[in-house]
Amino acid sequence: MLTETDVPALNSLFEKSHPLDVVKWAYAEYGEDLVMSSSFGADSAVLLHMATRVYPNIRIIMVDTGYLFPETWQFMEELRKRLNLNVWVYRTRQDPIAYLQSKGEKDPQYREDIACCCATNQNEPFDRAMRDLAPKGWLRGIRRRQAETRANRQFIEYSPRYRCHAISPLLNWTGREIHQYLKENDLPYHPLRDKGYLSIGCNPLSCTRPISAGEDERAGRWSGSSKIECGINLTSLDSSQL
Ligand code: SF4
């Protein structure tokens, strides 16, 4: 059983490991107490494919904020059928239209209060999922090159917020390696990727927009604000970071 003293050595080992070996280690360590999360975003097929090669019935948490693109549902359904995925959708408790009205959000394409919306519609369902499923290990698809908030992440990190270890097998992969894996395994990208969306979250333009050549991969997320993360990957839930 993993102890905190094992973590630094494993993290150092995983710097040079193939992501699939990290997934295999996670399954050997946590067995059925391993879950994964997926936004069914631009290149989510990579980790979904790796995880289900190792543990076909892994529980996959998807959050329905009420504001996802129809293309995301289409992509989830395509992958669900193709990889026989065991998807657990956790939905916001809010009615999407009623939420906007109650918060005085006048334009469905723009959020005045993104912190409140992400806390209510993204983080609450994910926190609920992690409480319900109570995993000991959680696979997630973050990569260091995606954002400055991810640059110093480690392969295994204890999350006091979820009381489990977060494991990030793809941490060191480049966009090129992601592309190669998708190609080698004949896996699809999210349908919006061809339209310039390299990171895909919710559908308001203030939350996800296509990016231009030369822009950072996540530049289209909460564009024009200092926000970089929806919050579920933060180890502690500090509302000032949402
Ligand atoms: S990404 Fe935008 S629409 Fe989605 S929960 Fe956060 S603020 Fe709300």
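Predicted model: local features only at pLDDT ≥ 70, side-chain atom pairs only at ≥ 80, totals over all residues.
Numbering starts from 1 along each chain as its sequence is written, and side-chain values use heavy atoms, with hydrogens and water left out. Local features need pLDDT of at least 70 and side-chain atom pairs count only at pLDDT 80 or more, while totals for chains, interfaces and linings use all residues.

**Stop 1: the ligand**

Select the ligand, then Y67, R111, I114, C117, C118, C202, P204, C207 and W222. These residues surround the ligand; a residue is near a molecule if one of its heavy atoms lies within 4 Å of it. Colour the shell by class: eight residues are nonpolar, none is polar and one is charged. Here Ala, Val, Leu, Ile, Met, Phe, Trp, Tyr, Cys and Pro count as nonpolar, Asp, Glu, Lys and Arg as charged, and the others, Gly among them, as polar.

**Stop 2: charges over rings**

Stay in the shell and show R111 with Y67. R111 lies over the face of Y67, 4.4 Å from the ring centre. The cut-offs: NZ of Lys or CZ of Arg within 6 Å of the ring centre and within 35 degrees of the ring normal.

**Stop 3**

Keep W222 selected. Its phi is positive, about 45°, although W222 is not a glycine. W222 is buried, with a relative accessible area of 3%. Buried means under 20%, exposed over 50% and partly exposed in between (1.4 Å probe, protein chains only). Next, select D186, in the segment after α7 (175-184). Helices (H or I, at least four residues) and strands (E, at least two) are DSSP runs, numbered from the N terminus. D186 also has a positive phi, near 55°. D186 is exposed, at 58% relative accessible area.

**Stop 4: aromatic pairs**

The structure holds nine aromatic pairs. Rings of Phe, Tyr and Trp (its six-membered ring) pair if their centres lie within 6.5 Å; planes under 30 degrees apart are stacked, over 60 edge-to-face and the rest tilted. Select W25 and Y30: the centres are 5.9 Å apart and the planes at 90°, so this pair is edge-to-face. Both residues are buried.

Finish at Y27 and Y55, a stacked pair with 4.6 Å between centres and 25° between planes. Y27 is in helix α2 (residues 19-30), and Y55 is in the loop between α3 (45-54) and β2 (59-64), 28 residues apart. Y27 is partly exposed at 30%, whereas Y55 is buried at 8%.
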